[in-house]
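I opened this entry to record what I looked up, one item at a time.

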Amino acid sequence: MAAITTAEYPVPAARPLRATMDTTRLQQVFGITPRPWQAALSDILTELKG
């Protein structure tokens, strides 16, 4: 399988090249402040390793 660019991948809706998730509403409504994704990823990788 050959690599393709995002522009070459057919999707029904246009997507921004770089988008970040705004968690403001999550914080306002539920009082939840997500931790940085890097920390969460590190924990998951550690758990998967056993």
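Is Asp-43 buried, partly exposed or exposed? I found Asp-43 partly exposed, at a relative accessible area of 40% (buried is under 20%, exposed over 50%, partly exposed in between, with a 1.4 Å probe and protein chains only).

I noted that the model is predicted, that local features need pLDDT of at least 70 and side-chain atom pairs pLDDT 80 or more, and that totals for chains, interfaces and linings use all residues. Residues are numbered from 1 along each chain as its sequence is written, and side-chain values use heavy atoms, with hydrogens and water left out.

Next I looked up the partner of Asp-43. Its side chain meets that of Arg-35 in a salt bridge, 2.7 Å from N to O (a side-chain nitrogen of Lys or Arg within 4 Å of a carboxyl oxygen of Asp or Glu). Arg-35 is partly exposed too, at 48% relative accessibility. I counted one salt bridge in the structure.

Then I turned to the fold. The protein chain has two helices and zero strands (DSSP runs, H or I of at least four residues for helices, E of at least two for strands, numbered from the N terminus). The chain is more spread out than a compact globule, because its radius of gyration is 17 Å, well over the 10 Å that the globule rule gives for 50 residues (over C-alpha atoms; the rule is 2.2 Å times the number of residues to the power 0.38). Buried residues make up 0% of the 50.

Last, I checked H2, which covers residues 37–49. Gly-50 follows H2 with a positive phi, near 105 degrees.

Definitions and conventions. The expected span of a helix is 1.5 Å times one less than its number of residues.
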